[in-house]
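Hi everyone, thanks for coming. Let me put the sequence and the model up on the screen, and then I'll walk you through it.

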Amino acid sequence: MSFRIMGTGSYLPPLSVTNDDIAKYVDTNDEWISTRTGIRSRHVATDETASEMGAKAALEALKDAGIQADELDLILCATVSGEYIVPSMACLIQRAIGAHCPAFDMSSACSAFLVMMETAAAYLATGRYRRILLVGTEQMSRVLDWTDRSTCILFGDGAGAVVLEPGENYLGSHMVFMGGEEVLNLPTNVGNSPYWTLERPRDTVNMNGGETYKFATRTVPQEILALLEQTGTQQSEIDWVVCHQANQRIIDAVARRLKGIAPEKFLSNIADHGNTTAATIPLLLDECNKKGMFKRGDLMVVAAFGGGLSCIASLIRW
Ligand code: COA
């Protein structure tokens, strides 16, 4: 059950919003945001939807992979901020890039990109599909409450994509899922049934930041250590750690728990992207790939956590 990454792509909307810009809307400041999160700015869409951004990232990944859209066998997409519940993000992107293969979404919030990798590996193992496009794309700015300073400072918009083919480079994964909506949720609130008697939820991101922080700093190192043990890998063998970009302090806390991996191996772009939910991992992979940082054969741990609650760590050879 394995794959090889053929190509990567990403897209960010042009407008970059600084912490000082956000301080015009809510009672906050650059010092508070940057010291508590490591975030200094984030990209925010003004006239592009999540599917349009996702399609741009997808086309770039196809170009990098050296294949055409009609050579794809399957498209998997993840988003929590798409413009529709129906049709799926994957179907919108399928049409936008000119593909004709099956296309559907997977929902797992910030862990979704790694859940899609796990799923793609299983599909590739059947031999039924040979080229799979994965896209994580988010317009988080449209699902935030811009009067809530505890959440609107954290997130950003953007998209990332990878193209996979059968190969030997997906070496394993370890994950934990703990169902529950109390800590982190984004309700839907559509329709107007005259029979509904209960209160309607607020349809923006709701988060208990402290509990999310504790979950992440406990489970990410735990899942990475379990993954390394399961695959018989030493920390000293790891060339890169690609962590979900939610808070630089979380990444630093994970690095402190994994003493056998040098801190500079923990990659980060959160300072000018914020948390782009399902897009953080492919965005970071693409940016480092395009900078030429990864060498063929590099061993990387990729780890994500998020609403669910869920946490997943995967081992990949570049
Ligand atoms: N600007 C200024 N002050 C703020 C603020 C902001 N943007 N947001 C909250 N505060 C205030 C709070 O009101 C509180 O004030 P009080 O002490 O007077 O009550 C104080 O700062 C401390 O708030 P707290 O929530 O305890 O801060 P924190 O150190 O836990 O940091 C987060 C908050 C959200 C940055 C942090 O909990 C976090 O990153 N959690 C994880 C979030 C995450 O990863 N989400 C994505 C999951 S995929």
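A quick word on the ground rules. This is a predicted model, so to speak of local features we need pLDDT of at least 70, side-chain atom pairs count only at pLDDT 80 or more, and totals for chains, interfaces and linings use all residues. Residues are numbered from 1 along each chain as its sequence is written, and side-chain values use heavy atoms, with hydrogens and water left out.

Let's start with the whole chain. The protein chain has nine helices and 14 strands; helices are DSSP runs of H or I with at least four residues, strands are runs of E with at least two, and both are numbered from the N terminus. The C-alpha trace spans about 50 × 45 × 40 Å along its principal axes. Of the 318 residues, 57% are buried, where buried means under 20% relative accessible area, exposed means over 50%, and partly exposed is in between, with a 1.4 Å probe and protein chains only.

Now please look at strand 4, residues 74-78. How many of its five residues are buried? Five of the five are: Leu74, Leu76 and Ala78 on one side, and Ile75 and Cys77 on the other. Strand 4 runs parallel to strand 6 (residues 132-139), with five bridges between them, and Ala78 sits opposite Gly136. Strand 4 also runs parallel to strand 5 (residues 103-105), through three bridges; there, Ile75 faces Ala103. Between strands 4 and 5 the chain passes through helix 4 (residues 89-97), in a right-handed β-α-β crossover. Right-handed here means that, with the strands pointing away from the viewer, the path from the first strand over the helix to the second runs clockwise.

Elsewhere there is an open sheet of five strands, in the order 8-14-13-11-12, with mixed pairing; two strands pair if DSSP finds at least two bridges between them. Its edges are strand 8 (170-177) and strand 12 (266-267), each pairing on one side only. Strand 8 is antiparallel to strand 14 (residues 310-317), with seven bridges, and Gly172 has Leu315 as its bridge partner.

On to salt bridges: the whole structure has eleven, each a side-chain nitrogen of Lys or Arg within 4 Å of a carboxyl oxygen of Asp or Glu. Arg4 is partly exposed at 25%, whereas Glu165 is buried at 15%. Arg131 joins these two in a network of salt bridges. Another salt bridge links Lys56 and Glu48, at 2.5 Å, N to O.

Last stop, the surface. Val190, in the loop between strand 9 (184-185) and strand 10 (206-207), counts as exposed because its relative accessibility is 64%. Together with Ile85 and Val86, Val190 forms a nonpolar patch of about 350 Å² accessible area.

Terms used. Patch = residues over 30% accessible without salt bridge, like charges linked within 9 Å, V, L, I, M, F, W, Y side chains within 5 Å. Areas by Shrake-Rupley, 256 points an atom, 1.4 Å probe, with all protein chains shown as cover.
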